[in-house]
Amino acid sequence: MIPKVFREVIDLGDGREISIETGKLAKQAHGSVVVQSGKCMLLCTVVSNYKQSDVDFLPLTVDYREKFAAAGRYPGGFFKREARPSDGEVLTMRLVDRVLRPLFPKDYHSETQVMIQLMSHDEDVMPDAMAGLAASAAIQLSDFPFECAISEARVGRVNGEFVINPTRAQLAESDIDMMIGASADSVMMVEGEMDEISEEEMTEAIKFAHEAIKVQCAAQVKLAEAFGKKEVREYEGEREDADLAKKIHDMAYDKVYAIAKAGSAKHERSAAFSEIKDEIKASFSEEEQEDFGALISKYYYKAEKAAVRDLTLNEGLRLDGRKTDEIRPIWCEIDYLPSTHGSAIFTRGETQALATVTLGTSRDANKIDMPSHEGEENFYLHYNFPPFSTGEARPIRGTSRREVGHGNLAQRALKGMVPDDCPYTVRVVSEVLESNGSSSMATVCSGTMAMMDAGVQLKKPVSGIAMGLISDGDSGKYAVLSDILGDEDHLGDMDFKVTGTADGITACQMDIKVKGLSYEILVNALQQARAGRLHILEKLTDTIAEPAADVKPHSPKMVTRTIPNEFIGALIGPGGKVIQELQKETGTTIVINEDPVTEEGIVEILGTDQNGIDAVLSKIDSLMFKPQMNESYKVKVIKMLDFGAVVEYLDAPGNETLLHVSELAWERTENVTDVVNMGDEFEVKYLGTDPRTRKEKVSRKALLPKPEGYVERPPRSNDRNRGGRDDRRGGRDNRDRKPRRD
């Protein structure tokens, strides 16, 4: 039986459409949709267990995978099966998770899975822009307790015009690449990179994307109504006790307020808060603690959050004693590690990042092999967040999603400032050594200085800052916090990270937790962030004002040389023999790429010894050496023969030619050694190619004066009718021959 299919279409306004369809696939899931634009198709399924998990958080898993079959390709490598997710897939998972998670009830703890799969790929459609739409649409068809429909959209700006969900080709021309997540009423998430745009331009881009998202949310609601909106499931929520909550609030609030106002350091403050909590617990009997233990902790943290927020809103003070727009003390250092190609330490308060830079060839580029995108990155950044950075001991199980996301943000912040003509592949690694505040922004700052220390000619230095917001919807009061602490990240209504140069924003990441945030507050927050960025930027440039003029003595030097296509084979040699021996002899790394447009060879030479690099360049010059007609060249005798000498051009080692005995001198030469010997150096004249032998011809005698009385020998005749050895008729006339009789 053919299933009944329900479908809604979203008009993107420029001839493109997005359709949402349900009823055909994956009907045992609690909700499933197929989202399609062009030939791109995403299947999203959602399932949530009916039994609550024994945890105090929402165990939500968002999984996004791209199937290679969707693009008609095989997975790369030996193992021909999709395995662990790529960084690109992980980043899409994070984008969706950050918008969905806040919309589930805080007391909903059922194991929930959102699985999104790219089933068909279209080169003109970027699938990550539709992942949030697919996830929300599937949830709308389920019985999950979920606040409202949301969607995500990418916005670009091409030739001054905003574009929703641009193609990859359009994105290459765009000065904005932002992903916005929102409901019909509120913007909830922003992430992207920009080409030094202003705060006002960024706000306009968010507004433009939000208008498109409103249409996508309405389509989801309409589809759910047509399909048949399910009753929201009942679930056992968390236990509540209003009297206990008030009692603990009264016991804790004033004490927490006083400690928060004292402006202490992280460990001192944490110990004082823990002491208050322990005192409150101790005021209850063992039976009460056993019965209300979880509630006591829960209500204490609520009281702590309320006290800290009120301190900031009422008195403009923060946990460490700073004012709302005050930046923690900063110190920086470059060239800290003696063996790296570049290094820098950035310390801001209790957050510290040590960045290193490694320079390499195009062979060291980061290969991207996804069904939706193939390419290479010649600049990339990796971010490591070990547990000791927060004073914890916990298992290390590979690179976390958080590390991938924070590293990507820092990479996007910096990559636009790496010049297009940078000859190196540049890898930056950030080691977070302390963390109480934004370590990703510390990574941006340390990465900037490390690249400048390494001699990477950045267009402009980049700094970054993490901001927070505390607001009171009833009174209208709000406070924007510059350079937030870790605690302020958790208790605030918005945390956002902004990076940029002195001239504009290069990247941002925002998570907005309060509904209906006004654009006026957003602009004010961005302007305060700009002041903070410029303050931090000044600290960076005080440490290193300009990129180093050259790489360090122990760092590899990179030289590129373009050669005609016909010489590539000669440089590589049979089976790679020539290039391998050359690398071994000179201590260099040689990489040859072919220009896809001109088909010329682009030779990259990487080495620490300039003499080795010069030797490679000399070899290339010798391979491409072409003597010019009637020009003189200095040569050296490298081999003696009976009929001449083999000479090598001194300007092009390895290029040899025969100097025939007849071209040694004007006088008749009986023995070659009468005129030249091994190792002799002299000049010869290039006479082109001998038409008879089809070999290059050079002459020593052409540069010597003719001896007095010298008489040229007559040229040898080629006329066979003049008798001699080649006149087989013996000079007789044909008429003297009698006709043959048959």
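Colleague: Is I536 buried or exposed, and what is its relative accessible area?

Modeller: Buried means under 20% relative accessible area, exposed over 50%, and partly exposed in between, with a 1.4 Å probe and protein chains only. I536 has a relative accessible area of 0% and is therefore buried. Please keep in mind that this is a predicted model, in which local features need pLDDT of at least 70 and side-chain atom pairs count only at pLDDT 80 or more, while totals for chains, interfaces and linings use all residues. Residues are numbered from 1 along each chain as its sequence is written, and side-chain values use heavy atoms, with hydrogens and water left out.

Colleague: Where does I536 lie, and with which residues is I536 in contact?

Modeller: Helices (H or I, at least four residues) and strands (E, at least two) are DSSP runs, numbered from the N terminus, and contact means heavy atoms within 4.5 Å. I536 belongs to helix 11, residues 519–543, and, once neighbours within four places in sequence are set aside, I536 is in contact with I327, I330, F346, C445, S463, G464 and I465. I536 and R328 are 208 residues apart in sequence, yet their C-alpha atoms are 9.9 Å apart in space.

Colleague: Which residues does S446 touch?

Modeller: S446 sits in helix 9, residues 439–454, and counts as buried at 0% relative accessibility. Not counting residues up to four places away in sequence, S446 touches A344, F346, A353, A355 and S430.

Colleague: How many helices and strands does the protein have, and what is its radius of gyration?

Modeller: The secondary structure comes to 14 helices and 29 strands. The radius of gyration is taken over C-alpha atoms, and the globule rule is 2.2 Å times the number of residues to the power 0.38. For a compact globule of 742 residues the value would be near 27 Å, but the protein has 38 Å. Along the principal axes, the C-alpha atoms fill a box of roughly 140 × 70 × 45 Å. Of the 742 residues, 49% count as buried, and among the contacts with a separation of 6 or more, 68% come from residues 24 or more positions apart.

Colleague: At what angle do helix 1 and helix 8 pack?

Modeller: Axes are lines fitted to C-alpha atoms, for helices over the stretch in contact, and angles run from 0 to 180 degrees between N-to-C directions. Angles under 35 degrees count as roughly parallel, over 145 as roughly antiparallel, 65 to 115 as roughly perpendicular and the rest as oblique. Helix 1 (residues 87–100) and helix 8 (residues 401–415) pack at about 95°, with their axes 9 Å apart, and the two helices are therefore roughly perpendicular to each other. Here D87, V90, L91, M93 and R94 of helix 1 meet R401, R402, V404, G405, H406 and N408 of helix 8. The residues of this contact divide into four nonpolar, three polar and four charged, where Ala, Val, Leu, Ile, Met, Phe, Trp, Tyr, Cys and Pro count as nonpolar, Asp, Glu, Lys and Arg as charged, and the others, Gly among them, as polar.

Colleague: In what order do the eight strands of the open sheet stand?

Modeller: Two strands pair if DSSP finds at least two bridges between them. The eight strands of the open sheet follow the order 8-7-9-10-21-20-18-19, with antiparallel pairing. Strand 8 (161–164) and strand 19 (478–482) are the edge strands, each pairing on one side only. Direction ignored, neighbouring strands of this sheet are turned by 20° against each other on average. Within the sheet, seven bridges join strand 7 (residues 150–158) to strand 9 (residues 176–183), and these run antiparallel; G181 in strand 9 is the bridge partner of E152. Helix 2 (residues 128–140) lies across strand 7 and strand 9, running at about 160° to strand 7.

Colleague: What do strand 1 and strand 2 form?

Modeller: Strand 1 and strand 2 form a hairpin with five residues between them, and G13 in the turn has a positive phi of about 90°. Six bridges join strand 1 to strand 2 (residues 17–22), which run antiparallel, and S19 in strand 2 is the bridge partner of V9. Strand 1 (residues 6–11) has a covered face of F6, E8 and I10, and an uncovered one of R7, V9 and D11.
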